[in-house]
Amino acid sequence: MKRYLDDAAALAKTRDMPVEVRTPVVVTYCRSALEARFHQIVRARRIGRGEPHRDVDALIGRARTTMQVAALALFDDMDAGGQILGKLNTAHGGWAATALRTCKEGAHGAAVNDPEQLVADVARLVVRLK
């Protein structure tokens, strides 16, 4: 996660590349950092309760979208995607839900107003997710 966030932060600050070129890469690094944290949470929970590593890895592999991985981490249910943003709003504040939504939508071409703020918010969220 740290490497993704370090790379995202460095790229967000660079002025050697047009913003429209670097921003999608920044968003992808941020999304990768969040997904890595979600994977950690799922592995810790499920392996901690005795599930075999291969079963946990297979489950994570079936979670095809960022929201499915987030749902597994937050609710232990990949079909609980509709509850994620509300939980993030309640547990951490609107900034957290906005960060996840921006990573999800920005990776598909949606506009990102402040790539540096996105990196900061994702870094904060990665630390706070349990």
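Helix H6 gives the most to the lining of the largest pocket, with 5 residues, where helices are DSSP runs of H or I with at least four residues, strands are runs of E with at least two, and both are numbered from the N terminus. A pocket here is an open set of points on a 1 Å grid over the protein atoms alone, where a 1.4 Å probe fits and protein lies on both sides within 12 Å along at least five of seven lines, and lining residues have an atom within 4 Å of a point.

Please keep in mind that this is a predicted model, in which local features need pLDDT of at least 70 and side-chain atom pairs count only at pLDDT 80 or more, while totals for chains, interfaces and linings use all residues. Residues are numbered from 1 along each chain as its sequence is written, and side-chain values use heavy atoms, with hydrogens and water left out.

To stay with the pocket, helix H6 (94-106) and helix H7 (115-128) each supply at least two residues of its lining. The lining of the largest pocket divides into 5 nonpolar, 4 polar and 4 charged residues, counting Ala, Val, Leu, Ile, Met, Phe, Trp, Tyr, Cys and Pro as nonpolar, Asp, Glu, Lys and Arg as charged, and the others, Gly among them, as polar.

As for the whole fold, the protein chain has 7 helices and 0 strands. The C-alpha atoms of the protein chain fill a box of roughly 50 × 30 × 25 Å along the principal axes, and buried residues, meaning those under 20% relative accessible area with a 1.4 Å probe and protein chains only, make up 39% of the 130 residues.

Methods:
Buried means under 20% relative accessible area, exposed over 50%, partly exposed in between (1.4 Å probe, protein chains only).
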